[in-house]
Amino acid sequence: MADPGLPVTPEALSALLADDDRSIAERDRLIELMTLLNRLPDPPDATRLFPRFRELKTAFLEACTGRDGELLEERFLELYAHLHMHEAPYTPTERRRMDATGGYWAHAGGLSPILRAGDWIFPTTRSVDLGAGNGFQGLLMQRLYPHRHCCQIEISSAMVAIGRRLQRWLSIPDRRVEWRTEDVTRTPLGGWDFVYLYRPVRPDGPGRRFYERLAGVLASEPQEIVIFSIADCLDGFLPDSFDRVASDGHLTCYRKRARGPR
Ligand SMILES: C[S@@+](CC[C@H](N)C(=O)[O-])C[C@H]1O[C@@H](n2cnc3c(N)ncnc32)[C@H](O)[C@@H]1O
């Protein structure tokens, strides 16, 4: 077993990830993220909320001091996924809303949107995660790319409560994150420059209206807007003012340029 106290340097991680096929910028952000999780203490209420944290962190640290870049990534992903959590607790009322709206469970959007978002989030950005779970995606984006405001909208009140604690764990100031325990199909939408979502509701039945409304609001606003959509449901709802700038089957990115005088 590796000594969890062993220092792991960005240089050592960089050497291990030398064959990684990401861009240099994304690889550097991954290294920053790995270094961050390396240095943080145990998360809040770890025994109850994150029972495998120690085990997974030790395995990750072992890989950090090994020679296998793929194993390093695999172990880091396991640690990330554990902190993200994949089972959200819902009250009976929240569960009824989930069923009524075709809500999707708390699967993790993965590291790629976090690493790629660095190209699109600036200090003035107002971001949102629609269906945020415990908000881990938005929190990591806020921590890596400090920006004006990150709005986290999630139906599970328990996940929001956990997210608030993770925010303190990550030393992100209160004013930088707005938590809204709300149903995305009913909450007011808009006022964001960077929109992240992972299929909070199915795009048919009652969920269809949500995507229509979201597309309508985003199209009507004058500012530049970038959308990161995992398992994309917005295709077919967005008007021509949005270009699809990238898609790899998992993450689809759209961009609408600002309107008005240049
Ligand atoms: C696939 S997960 C995505 C989690 C996170 N955004 C990510 O990308 O890793 C979808 C999330 O949407 C939430 N959700 C489902 N229906 C919702 C609704 N009607 N309003 C708000 N959140 C909802 C679920 O509780 C879950 O946390």
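**Close-up 1. Arg208, a partly exposed residue of helix α10.** With a relative accessible area of 42%, Arg208 counts as partly exposed, because that class covers values between the 20% limit for buried and the 50% limit for exposed residues. Arg208 belongs to helix α10, and this view, like the others, is drawn from a predicted model. Leaving aside residues up to four places away in sequence, Arg208 touches Arg202, Pro203 and Phe237.

**Close-up 2. Ser229, a buried residue in strand β5.** Strand β5 runs over residues 225-230, and Ser229 is part of it. The relative accessibility of Ser229 is 1%, and the residue is therefore classed as buried, the limit for that class being under 20%. The side chain of Ser229 is joined to the side chain of Asp232 by a polar contact of 2.6 Å. When residues up to four places away in sequence are not counted, Ser229 touches Leu197, His250, Leu251 and Thr252.

**Close-up 3. The crossing of helices α2 and α4.** Helix α2 spans residues 24-39 and helix α4 spans residues 53-64; their axes come within 11 Å and cross at roughly 125°. The crossing of α2 and α4 is left-handed. On the α2 side, the residues that meet the partner helix are Met34, Leu37 and Asn38, while α4 contributes Lys57, Phe60, Leu61 and Cys64. Sorted by class, this contact of α2 with α4 holds five nonpolar residues, one polar residue and one charged residue.

**Close-up 4. The packing of helix α2 with helix α8.** Helix α8, made of residues 136-144, packs with α2 at an angle of about 105°, and the axes are 11 Å apart. The two helices are therefore roughly perpendicular to each other, because the angle lies in the range from 65 to 115 degrees. Arg29, Glu32, Leu33 and Leu36 of α2 make the contact together with Leu140, Arg143 and Leu144 of α8. Of the residues in the contact of α2 with α8, four are nonpolar, none is polar and three are charged. Helix α8 is largely enclosed by the rest of the structure, because eight of its nine residues are buried. These buried residues of α8 are Phe136, Gln137, Gly138, Leu139, Leu140, Met141, Gln142 and Leu144.

Close-up 5. Most residues other than glycine have a negative phi. Ser171, although it is not a glycine, has a positive phi of about 55°, and it is found in the loop between α9 (157-169) and β3 (177-181). The relative accessible area of Ser171 is 57%, so this residue counts as exposed. Arg199, also a residue other than glycine, has a positive phi near 40°, and its place is in the loop between β4 (194-198) and α10 (206-220). At 22% relative accessibility, Arg199 is classed as partly exposed.

Technical notes: Residues are numbered from 1 along each chain as its sequence is written. This is a predicted model: local features need pLDDT of at least 70, side-chain atom pairs count only at pLDDT 80 or more; totals for chains, interfaces and linings use all residues. Side-chain values use heavy atoms; hydrogens and water are left out. Helices (H or I, at least four residues) and strands (E, at least two) are DSSP runs, numbered from the N terminus. Buried means under 20% relative accessible area, exposed over 50%, partly exposed in between (1.4 Å probe, protein chains only). A polar contact is a pair of N or O atoms within 3.5 Å; within protein, one must be able to donate a hydrogen and the other to accept it, and residues adjacent in sequence count only if both atoms are side-chain atoms. Contact means heavy atoms within 4.5 Å. Axes are lines fitted to C-alpha atoms, for helices over the stretch in contact, and angles run from 0 to 180 degrees between N-to-C directions. A crossing is left-handed if the near helix is turned anticlockwise from the far one by less than a right angle, and right-handed if clockwise. Ala, Val, Leu, Ile, Met, Phe, Trp, Tyr, Cys and Pro count as nonpolar, Asp, Glu, Lys and Arg as charged, and the others, Gly among them, as polar. Angles under 35 degrees count as roughly parallel, over 145 as roughly antiparallel, 65 to 115 as roughly perpendicular and the rest as oblique.
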